[in-house]
Amino acid sequence: MASAEFGEETDSKLPTVQVGDPFMEKLLLECCLEIFATGCLEGIQDMGAAGLTSSSVEMAARAGNGIELHLDAIPRRTKRLTPYEMLLSESQERMLMVAKAGREQQVLDACAKWDLEAAVVGVVTDTGRFVCTATPGHDPLDPESASPAPVVVADLPIGLLADDAPKYDRPQEEPEPAERDTAEVPLLGDAPGRQTEDLGAELLTHVGSPNIRSRRRIWRQYDHVVRDGTVLGPGQADAAVVRVFCEEPGKPTIRKALAMSVDCNGRHVELDPFQGAAMAVAECARNVACAGAKPLGTTDCLNFGNPEVPETMWRFARAIDGLAAACKALDVPIVSGNVSLYNETDGRPILPTPTVAVVGLLDDVEDRVELRFRSAGDLVAHLGVPSRGELGGSEWLTQRVGGVSGAPVGIDLDAEKALQQCLRELAKARVLASAHDVSDGGLGACLAESCIAGGMGATVRVPAAPAAPLEARLFAEEPTRVVLSFAPAQRETVEAIAARHGVPLEVLGEVGGDALVLRDGETEAARVDVGALAKRHGAALDAIVAE
């Protein structure tokens, strides 16, 4: 069974880019849930990469069966589609369902109820082969086309397209380290007669930089509150949180929630693919933990350049190893994903970007934690591995030198696991006012974002680090760090939970006022109005994103 449609309405044979339709996706999801409840299915799979081919072959391979597809019956809305195009089209909002024999009409009726086009397009066989038939010249959208007289257009062993497919072992070569001597970078701390406003101006520039600034201009174009399922939306927490109502007849409704985050920092992967990819998984899972949820699973999208280039292939292989190590350490298995290769312009590859998405579970939606500073007088604390002031791969250093540079910062996955366990216990104890991880932009961006989200300032002492200047401590993007805020009355409980997990905790200051005040020891190093931070952070995309 295939649900939804193929392609875009066009008479052109030029390739078109598929654009997702969130409303159609919602209809398809609701329809699938209704069909599941009837028990009329043997199996189902969405059509992702390679479309109908991958979904049908993968289902047959897992079951040890064969499959025969009748391509004349495939729903479509583009004229003159060839069998090749139908089999490989990656049009969105489509599912392949295998109904139990004799119960096909239940699927068709449910699809009709939800205004989804559906058709019986094939049958499961015991041949172990992938067989497709189509009528040459037949087009259901053209009444003058050939009448059905199908011929076999594909006949292959299922194994050849699945587990027995040829495996590549491309040449790999470790590239020269992409480092630059950071001692060449002028730091404000080295400038004679530095003024307080100098660091403040630096922070303002930083929060408006390309990879730190607000994405509000983008996400506000999409309806994220429809049906009132969103609990924490964009900009409210490190992970989005949505309600899940678990209902059974005769039993009380269970109020659970899912937390979701997507992340990757290609700069860190460029410097060290293994560590950078592991950091991507860790940050995504940390975001979910900051919101109060337990990470359950991961999906990925591995975006790289040309794998025929040995250096690119080396980065690709090392990144996969890093993903595996982090997923195993943090118990967030990869359950799905895809790969996008040959991403280059004029022979120059994109930054290696193994993007990951993590989904986690809150048993009680009331355990959720936001990122905003909420109440004057709350204490601000640093939880996690103390900073060493290592600037490698940071946005601040990239903007200073015009490219990715510095030594890789790396990650301690055991320390990361302890931090995330600590965060979940703190959330469940409901002792936190906020939690926001230190990642892109470092401590400076983290503090600024919590001030902006809450509309109030804070006075904070930047933690010391041996031989690290103030800017390095403020803008380093070392992992396994979180900024918390909590009421003074909760301090003893927070400290006890952190100690129980062996996670360092350092109180840095308190929430209050209308400015973010940064102190270096006893000296005031910067004072920036929260309104100015919000304006710079929020308006940064105005010039390049249309209404």
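A nonpolar core is a set of buried Ala, Val, Leu, Ile, Met, Phe, Trp, Tyr and Cys residues joined through side-chain atoms within 4.5 Å; buried means under 20% relative accessible area, exposed over 50%, and partly exposed in between (1.4 Å probe, protein chains only). The model is predicted: local features need pLDDT of at least 70 and side-chain atom pairs count only at pLDDT 80 or more, while totals for chains, interfaces and linings use all residues. Residues are numbered from 1 along each chain as its sequence is written, and side-chain values use heavy atoms, with hydrogens and water left out.

**View 1. The largest nonpolar core has 37 residues.** Val241, Ala259 and Val281 have the most contacts inside this core. At least two core residues come from each of strand E9 (230-232), strand E11 (254-263), helix H9 (273-290), helix H10 (310-330) and strand E16 (353-362); helices (H or I, at least four residues) and strands (E, at least two) are DSSP runs, numbered from the N terminus. H9 gives the largest share, nine residues.

**View 2. Helix H2 covers residues 51-63.** Its buried residues include Leu52, Val57 and Met59. The buried residues of H2 pack against elements including strand E2 (41-46), helix H3 (83-88) and helix H5 (158-161). After H2 comes Gly64, with a positive phi near 75°.

**View 3. Asp346 is not a glycine, yet has a positive phi of about 55°.** Asp346 sits in the loop between strand E14 (344-345) and strand E15 (348-349). Asp346 counts as exposed because its relative accessibility is 78%. Most residues other than glycine have a negative phi.

Note on methods:
The expected span of a helix is 1.5 Å times one less than its number of residues. Contact means heavy atoms within 4.5 Å.
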